[in-house]
Each structure stands twice: as structure tokens, then as C-alpha cells.
Amino acid sequence: MQTGTRPVFRAVKVVAMAMAIAMSVGGGVVQAQDGEVEFADFEQAEPGSGEGITIGYINAGDSSPYWANVSASMAEQAGIAGAELINCDTNFDAARSLECAQNFVTAGVDVIISSNIDSATAPEICAAGPDVPTLATWIKQQPCEVAFF
């Protein structure tokens, strides 16, 4: 583990920027307690906020229009932020998620956003990937997730 404020600050910056990208994929539906539904826009990535950061994205599968839209939005936001996004399409195959994690070691990613489809395989995928923060979407990714949304 690294010590000192500079590595900790970089880790916080990486996670915060990756979460901003992952959460800014267009917008979402908000339903109030009274049943009224409205559309909420998400904030866009801040230009230049991701300079020098590489994000590994374990994508559930671009064959689904939903996940293809998520991937396209993440790529757009990473481009605005100046981050490099490595999109690894698993085609809804947990074994492919493992390959993605292994490839992220070689690629030197700073953070992983994981949409791995099978939480039972998460421990193996976590062990195979680089020792970087993992943000889990859709399905929990224990033991390596630092945030879930």
C-alpha cells in the first residue's frame, strides 16, 4: 500500500472521476413518493478531469441496446474528461469478465467499472484483476468493489 497524501489524493481523484463518468450516462427516472415520475439529467464530465487516467470497463454486453447505450455514453464522457476508456465487452459471459480483468493488469488501468453479470464469479475476477478501485454497476462485485450503483 502506498503512503503519503499524493497517492491517496490520486486514488480519490481516479474513483471520483470514474464514478462521474459511470453515473453520467444520460439521465434517469426519478419517482417521488406521491407517484409523480420525472426525468433527471445527470451532470456531464468536467473537461480535462480525467487526464492521465485509464478506466477499464467490464461491459455486460453491447448486444443489448441498453448496455450499448451505456457504453456509448461512457465513451463520450471519458472523451470529455480526457480519460482513456478500455471497453471490454463480455457478451454476457462471466468467463469473458475474467479475461477482461486479466487484460486490465497488462493495460495498467487506474480503476475498473464492472458490470460483470454473475456475482458468484466476482471473487475470482477481483483476484485476477489489478489492485485498483472497482466500481460495481448493476450487480455487486465483492470483495473488491469500493462503490455500488
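User: Does Thr 121 count as buried or exposed?
Analyst: The classes rest on relative accessible area: under 20% is buried, over 50% is exposed, and the range in between is partly exposed, with a 1.4 Å probe and protein chains only. Thr 121 has 18% relative accessibility, so Thr 121 counts as buried. This is a predicted model, in which local features need pLDDT of at least 70, side-chain atom pairs count only at pLDDT 80 or more, and totals for chains, interfaces and linings use all residues. Residues are numbered from 1 along each chain as its sequence is written, and side-chain values use heavy atoms, with hydrogens and water left out.

User: Where does Thr 121 lie, and which residues is Thr 121 in contact with, leaving aside its neighbours within four places in sequence?
Analyst: Elements are DSSP runs numbered from the N terminus: helices are H or I with at least four residues, strands are E with at least two. Thr 121 sits in the loop that runs between strand 5 (111-114) and helix 4 (122-128). A contact means heavy atoms within 4.5 Å. With neighbours within four places in sequence left aside, Thr 121 is in contact with Ala 94 and Asn 116.

User: How many helices and strands does the protein have?
Analyst: There are four helices and seven strands. Read from the N terminus, their order is α-β-β-β-α-β-α-β-α-β-β. Of the 149 residues in the protein, 40% are buried. Among contacts with a separation of 6 or more, 58% are between residues 24 or more positions apart.

User: What does the accessible surface of the protein come to?
Analyst: Accessible areas come from the Shrake-Rupley method with a 1.4 Å probe, and for residues only the protein chains shown count as cover. The total for the protein is about 8,100 Å², and carbon and sulfur atoms hold 55% of this surface.

User: What span does helix 2 reach from its first C-alpha to its last?
Analyst: The expected span is 1.5 Å times one less than the number of residues. Helix 2 (residues 65-81) has 17 residues and reaches 24 Å, close to the 24 Å expected. Its buried residues are Trp 67, Val 70, Ser 71, Ser 73, Met 74, Gln 77, Ala 78 and Ala 81. Just after helix 2 comes Gly 82, with a positive phi of about 85°.

User: How many aromatic pairs are there?
Analyst: Rings of Phe, Tyr and Trp (its six-membered ring) pair if their centres lie within 6.5 Å; planes under 30 degrees apart are stacked, over 60 edge-to-face, and the rest tilted. The count by this rule is one aromatic pair. Tyr 66 and Trp 67 have ring centres 4.9 Å apart and planes at 85°, so the pair is edge-to-face. Tyr 66 counts as exposed at 54% relative accessibility, whereas Trp 67 is buried with a relative accessible area of 6%.

User: How many salt bridges does the structure hold?
Analyst: A salt bridge is a side-chain nitrogen of Lys or Arg within 4 Å of a carboxyl oxygen of Asp or Glu. The structure holds two. In one, Arg 96 pairs with Glu 99, and their closest N and O atoms are 3.1 Å apart. An α-helix has 3.6 residues a turn, so residues three or four places apart point the same way. Arg 96 and Glu 99 are three residues apart in helix 3 (residues 94-107), and are therefore separated by about one helical turn. Arg 96 is partly exposed at 26% relative accessibility, and Glu 99 is partly exposed at 40%. The other salt bridge is formed by Lys 140 and Glu 145, with the closest N and O atoms 2.6 Å apart. Lys 140 counts as partly exposed at 39% relative accessibility, whereas Glu 145 is buried at 12%.

User: How many disulfides does a search of the whole structure find?
Analyst: A disulfide is a pair of cysteine sulfur atoms within 2.5 Å. The search finds two. Cys 88 is joined to Cys 100, S to S 1.9 Å. This pair links distant parts of the chain, 12 residues apart: Cys 88 in strand 4 (residues 84-89) and Cys 100 in helix 3. Both Cys 88 and Cys 100 are buried.
Cys 126 is joined to Cys 144, S to S 2.0 Å. Cys 126 lies in helix 4 and Cys 144 in the loop between strand 6 (134-136) and strand 7 (145-148), so this pair ties together parts 18 residues apart in sequence. Cys 126 counts as buried at 15% relative accessibility, while Cys 144 is partly exposed at 24%.

User: What is the pairing when the bonded cysteines are numbered in sequence order?
Analyst: The pairing is 1-2, 3-4. The link of Cys 88 and Cys 100 is left-handed, with -75° about the S-S bond. The link of Cys 126 and Cys 144 is left-handed too, with -60°.
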